[in-house]
Amino acid sequence: MYRPRTANSRKGGRNGIVIRPSSASAKLQNDNLPTEPLASRPATAALNALQSLTDAGDSKYRPSTSFAEREKPQKRERRLTLSETTGIGKHAEALIRLNTPSSTAGKIKVEERITLEQLFKIKTAFEEADTDGSGSLDIDEFKTVVKKSLGIRGRNEEQIIALFMKIDSSSDGEIDWDEFCTYMQLEYAEKEEALLRSKRVLFQLPPIVSMSHFHKSTGTVLRILHIGESTFMCCSKDGLLSFWSNDLKLRKSKSIMCDTGGGSSFSIKPNMWVTDVAVLPIHNKIVVGTGDRDIYFYELSTLELCCRLTGFDSIPLCMDVCEIEQDFIIISYGDDQGCVGIIEIKKASESFRLWKKAPITNNMPTLLIQDISCEDHVYFVKWKVHNDWISKLKYYHELHSVVSSCNQTAYALVRGCIRPSTNIESHAGRSTSAVSSVKHTRKQGHRRLRGHQIPEGRRRQAADQSVFSVYKGVSSFEYCKERNIIASGGMDRIVRLWNPYMPHKPTGFLRGHNSPLVFVSLSGVSDRVFSISADKVVKVWDLVEQTCLVTLSPKLHKITGEILTCTYSESLKALAVVTDHITLLKISQKVKVRAEMPISHTEPVTCIGYNASFNHVITCSEGGIVKLWDFDNGSQMFEFNKAHGDEAITCMTFDTSGRRLVTGGRDGAIRIWNYNNGHCLRTLIPDGEPVEVSSCLYLETNRNRFIAGVGWDRMINMYPDDVQDFRSIQRPENKWKNYAKIGHKEDIITAADGPPNLLATASYDGIINVWNYVSGILVSSLQHKPSDGDVSPNFDDEDSGYENDQNTDAVSKLLFIKKRIPDRKASLIAGCADGSLVFWGAHDKNAYACCKVTHKPTPVRAMALTDDENTLYIGDNLGFVRAWNIEDYAFNQPEVKYTKPPPLLVGWRCHVEQITDLCAVEKHGVLITSSADCTVRLWKLTSECIGTFGQKERWDVYDESTWLHPMVPQEVLLDPMSMPEHDVFQDKASYYEIIHHDSLQPSDSESETTGDKSGNTLSVDKQTPRRRPSRSKDADDVWRNRLSRRLSRAVNLTDDKHGRNEDDSVLQDVRSSMSKSAGKRLRHERLLSYQRRMNLHVDAGSHAFQSLKCFDLQTPDMREARAIETKTRRENPVLPVEYAPIRESEMETDE
């Protein structure tokens, strides 16, 4: 709800900077959000601002999902720190217990419980607990301080240890007060920014503007309504109705105030003015109020007049209709006397049918309101609500009330019931106190009688209504049923938020407009408030935080003229503003091809990593956003953006302690983070022009630690990692000798490290260099050239994943098999752009194996090894992942090169777009995959899908019942590339040949004939394998094809040229004697197969069968066929037994 401005609110704008702060007093880098003062948000830049740590508004970030009791997994072993710090190792077991499922489910973190008073106690305790006077606390002292200040005990001690590790990013075993404040301030500042980014609103500019001036010359537009999902309807005061498409193209228009000769026999007065219009979509009716104190009903589809309701004593200035049920509607109107009239119709369909047949008055069916109010299914009441004419009126069935507004201060907004709370009807008869109890006998006809006038309405009782007083009245309002809030706006330029049952004080104020408000609307789906002022300034507010999200000035949307009416469409997410044109302001949204697909990022994911120290999954995207996920349930825990300015993050790694994150970006910089709170510890910038960093590695040998970065500058930049170095910006220090001569000449794409000090780098030209990164000596230089027998990629295939300028020699990924390095055989794996996998000897420069491993000729995009290095997982450009058993692979001699791939264990499709990174966590038996389709998914190593990070349903990685398995992601299932390979799908065989494969094949044992040098034919018995037949042109004439196939084989056995010619003539005679028409059934089979080829539904083809023509069944002359067969066998006595004469029964079977 509303939060007042505090004294410690943040000052200054929200313009971002490139490099993040390194202390709590520095400014934070932010998105370019609106410059509106965030009065409702607590500040986070000062010490007193940490009061927001226990604010109820931050409950969104606290885990709320409780998991079922589950079995404890095996304890995780990890290293707590880089340096030898005493007193920390004994707490390792407690920290391991913290990461078990029973302790992480639904727990509130310690740092989220700290209040402002407790923060002052912690500061005092810091000073008292510093026994050695160093100004820092070790882990034991920190535990004592937090327990004493917060009064916690028990298992919370494990969370205190985790908090200490998060703050101690340098792994020196001590933290001071400044580090504690920096961590707390930055963590919640990033959470605040992440919340604002998720609610950011952007309009599509320039807006959509109607090109027609249709209403400009005909009259003022009174109302614009969005009907259904694809039509806008406008109504002007002279009765012109126009219908527009969603892109504001005029579909049709018609004037309802004159007879246009459209088939209607009713004539209407041409000089009548329309006051308001409403639509009943279920009953296909348009309700129109006029200045003659009448209400007209029109057909929505034909715009023909249905009937007229007259007898009102005031002009209905504004109207509203509500279809509560299938046959129950409520029509309400507000007049120029401040009265609210309500008509309840319980049998609406029957009433409209009878009213259309009412007696004709002035050439139209006319009814008196006095007459229909006497019917049992119609109820009419009129209340005196305001002292001025009513500006807007609407009935809300959720409130069971009519809400009306006017420009008077005392009765600016009134919410009142329809019927009185007391049973007045028992004293006054059929009518209520607001309607005169006039009993009359219905006469024939509908002539207006004297004495049947409707008196002025009376006031409701105080218990039947709620009066909201607003200075200078209310011109527009809207109710949100999801939040149970009414938003109002008027002449005082303030948007007020009300509880419908508490009229004395608003729950919130939205200030920022400089002119009177003309339109206010609410969106309960997105929790937004839309307001438009008379100076055409559009503002969008957050309903929960009550802050301004975006301001659109007239200079941006280019709307000219006076605003006449507005509406908001929830289905289009757009504002329609009517001036002399119709302008449509649409809210920008990410285009989702698969709207139902849960996503992890809004941009393609570039790299992922698993941190065993905290049991976290970290993902990075092209938008420069780093997200932190809970491994156990897939929920998002934290995020920070602008990690590399406006550039994408291309690579990431962890230090050996797992407390710091190292990222490389397209801005050419490498940054070191405390990723738990988004604190940038150091920035590493290479010499020269900044270009993209393609890979970064954290190297450690003995006590020396380095961060290596490679990229498009073709250099290998080594940065020493010294925790005592307090420089915020660091340059590479060591220069390798002779690197300019022996180094890479093309952009470096990937890199990998192996023990004890090996560094392998691969460039775009396919050259792999193996270095000793301590001495800078080149150990070996390798290059893979595709052989002539290798299948080259098809660059014209869109599914291959290649760009037109893709180099097939390039190496896209490198991995070291560390256990093979001492043997110096096949220890380096290179994944190439042509889809091949090469096993290299890093020292002997030999290629032990080269094989194709990807689906189709697509590049190898990602590789991952299990902890035992026996299973290799490979991801390609089409989203497929395959697991290969390389335990005993490529152990041959270099002279014998493997060309067959290793044994395939399992393969499946994980994503619909290219896979960008893989991470195997063998401890839990899972595989983490990321893709350019903006998703990060968790799989078992055996291909069972657990879920997508960011999905609504939380999973429990230890409970199989919460997994997505046995299902798979829907977009993967429906994608055409996920279909299995089959001859029918590849158009290599027909359905009939697949179904009748056995009957179409010859016998397994055939007699094969060969010719000797003398020209004689020899008969050799040989077992021939059964092969799949090629596709036949006339698959329905099976018996004819079989006979022709036998005769063709008999002809091929003759080696004599003259005999072959005779046999060809015999074959032609046989084929000409056979008729192709085979009766009704074969005719149907032919059309049915054609139907299948046209991708039509087989079961839905009965109409084609019913339209078939009938033919007499024709049988070939069996005597002629037998004579031809006998002649063939006489001329070729060596024919196999299979080619015996065909009998009539056999032909019938084949048919």
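Which residues does Asn769 touch, not counting residues up to four places away in sequence?

1. The model under review is predicted. In answer to the opening question, Asn769 touches Ile742, Gly743, His744, Leu759, Ala760, Thr761, Leu778, Ser780 and Ser781, once residues up to four places away in sequence are set aside.

2. Asn769 belongs to strand E46, which spans residues 767-772. Its relative accessibility is 2%, and the cut-off for a buried residue is under 20% relative accessible area; Asn769 therefore counts as buried.

3. One of the residues that Asn769 touches is His744. The side chains of Asn769 and His744 are also joined by a polar contact of 3.4 Å. The cut-off for such a contact is 3.5 Å.

4. Helix H7 covers residues 348-355, and its buried residues are Ala348, Ser351, Phe352 and Trp355. Viewed down the axis of H7, these buried residues fall within an arc of 95°, so they line one face of the helix.

5. On the cysteines, the count of disulfides is zero. Cys851 is in no disulfide: the nearest cysteine sulfur belongs to Cys850 and is 6.8 Å away, whereas a disulfide requires a pair of cysteine sulfur atoms within 2.5 Å.

6. Are Cys851 and Cys406 buried or exposed? Cys851 has a relative accessible area of 3% and is therefore buried. Cys406, at 0% relative accessibility, likewise counts as buried.

Technical notes
Residues numbered from 1 in each chain as written. Predicted model: local features only at pLDDT ≥ 70, side-chain atom pairs only at ≥ 80, totals over all residues. Heavy atoms only, no water. Buried < 20%, exposed > 50% of the residue type's maximum accessible area, 1.4 Å probe, protein only. Helix = DSSP H or I, 4+ residues; strand = E, 2+ residues; numbered from the N terminus. Arc of directions from axis to C-beta. Polar contact = N/O pair within 3.5 Å; in protein donor to acceptor, adjacent residues only side chain to side chain. Contact = heavy atoms within 4.5 Å.
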